[in-house]
Amino acid sequence: MRAVSGLVLIAVALVTARVGGPLFLITWIVASAAIFWEWQRLPGAAAMSRLVVGFVALVAAAIAAAADSTLLALLILAVGAGVLAAIPAADRLWAAAGLVYAGLLVVALVSLRSSFPFGSHAIIWLFATVWSTDVFAYFGGRLIGGPKIWPRVSPSKTWSGTLTGLAAGALFGTWVVLRDPPAPTPMAPIFLLSLAAAALSQVGDAFESAIKRHFGVKDSSNLIPGHGGVMDRLDGFIAAAVFAFVFGLIRAQTTVAGGLFYWP
């Protein structure tokens, strides 16, 4: 079941990345909504009023990002988080943080994918970097072993696995871009970008592990058979995607994804 679920997720991710448009938008709205719901459930804070506010904000922010209104999308998330924080409850700041966490994922990905003509390249690059980091970190840790990084939070993560994953993420991320360059893209910048994205994906994984440890749960939910929750599958990807979005936005001359790949 775990293998079947994994193959289905990979197929959906690749097909929607290539097709783009409404299919990509809807897919990642659903994913971000699932993450928001899982985040609210961890402290038992999934009240209907919060879920409605969060879902409306996620949809509105995603649509704004698809229309190239990135600042409006971020403003919608900020306002939505403020509304959640204003709803009286002991965990209202947690609820607000969940909207930011889930919302940045969909805004980042939709903004990147909408960046013609670099959009699909940006998403495939993220997949290649994060997936190779995860796979090689797992097998590197299993085969090499050695000291643990943070046993209290991630008992199975080793330094050997992490370094193996970082190297693989940087190399595969660079290869997938340079084999079909979308723009004048020298090797050094894309290698460093891939290395940074790989490192931050590991940080994102540790961050989510720390949250689950804090609330004493193993999985964020059971939405994905054999894998746990959507948060569990996308924790590292969220961190890498937000990094790519912020970096591209800072360097953008015409589009967000262009800021990643265009190095004249």
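The legends below describe close-up views of a predicted model.

**View 1**
Helix H6 supplies the largest share, with six residues.

**View 2. The largest nonpolar core and the surroundings of Trp125****.**
The largest nonpolar core holds 68 residues, and within this set Trp28 and Trp125 are the residues that touch the most other members. Helix H5, running from residue 92 to residue 113, gives the most to this core, namely 12 residues. When residues up to four places away in sequence are not counted, Trp125 touches Gly173, Val176, Val177, Ile190, Leu193, Ser194, Ala197, Ala244, Leu260 and Phe261. As general background, nonpolar side chains tend to be buried together in soluble globular proteins.

**View 3. Gly259 in helix H10****.**
Helix H10 comprises residues 258-261, and Gly259 is found in it. With a relative accessibility of 1%, Gly259 counts as buried, because the class is set at under 20% relative accessible area. Leaving aside residues up to four places away in sequence, Gly259 is in contact with Phe247, Gly248, Arg251 and Ala252. Between Gly259 and Val246, which are 13 residues apart in sequence, the C-alpha to C-alpha distance is 9.6 Å.

**View 4. The salt bridge between Lys157 and Asp205****.**
The structure holds four salt bridges, and one of them joins the side chains of Lys157 and Asp205, with an N to O distance of 2.6 Å. Lys157 lies in strand S2 (residues 154-158) and Asp205 in helix H8 (residues 187-215), so this pair ties together parts that are 48 residues apart in sequence. The two partners fall into separate accessibility classes: Lys157, at 26% relative accessibility, counts as partly exposed, whereas Asp205, with a relative accessible area of 16%, is buried.

**View 5. A network of salt bridges linking Glu208, Lys212 and Asp232****.**
In this view Lys212 takes part in two of the pairings, one with Glu208 and one with Asp232, and the three residues are linked in a network of salt bridges. The side chains of Lys212 and Glu208 meet with an N to O distance of 3.5 Å; being four residues apart in helix H8, these two residues are separated by about one helical turn. Both Lys212 and Glu208 are buried. The side chains of Lys212 and Asp232 meet at 2.9 Å, again taken from N to O. Lys212 lies in helix H8 and Asp232 in helix H9 (residues 230-251), so this second pair ties together parts that are 20 residues apart in sequence. Asp232 is buried, as is Lys212.

How values were computed:
Residues are numbered from 1 along each chain as its sequence is written. This is a predicted model: local features need pLDDT of at least 70, side-chain atom pairs count only at pLDDT 80 or more; totals for chains, interfaces and linings use all residues. Side-chain values use heavy atoms; hydrogens and water are left out. Buried means under 20% relative accessible area, exposed over 50%, partly exposed in between (1.4 Å probe, protein chains only). Contact means heavy atoms within 4.5 Å. A nonpolar core is a set of buried Ala, Val, Leu, Ile, Met, Phe, Trp, Tyr and Cys residues joined through side-chain atoms within 4.5 Å.
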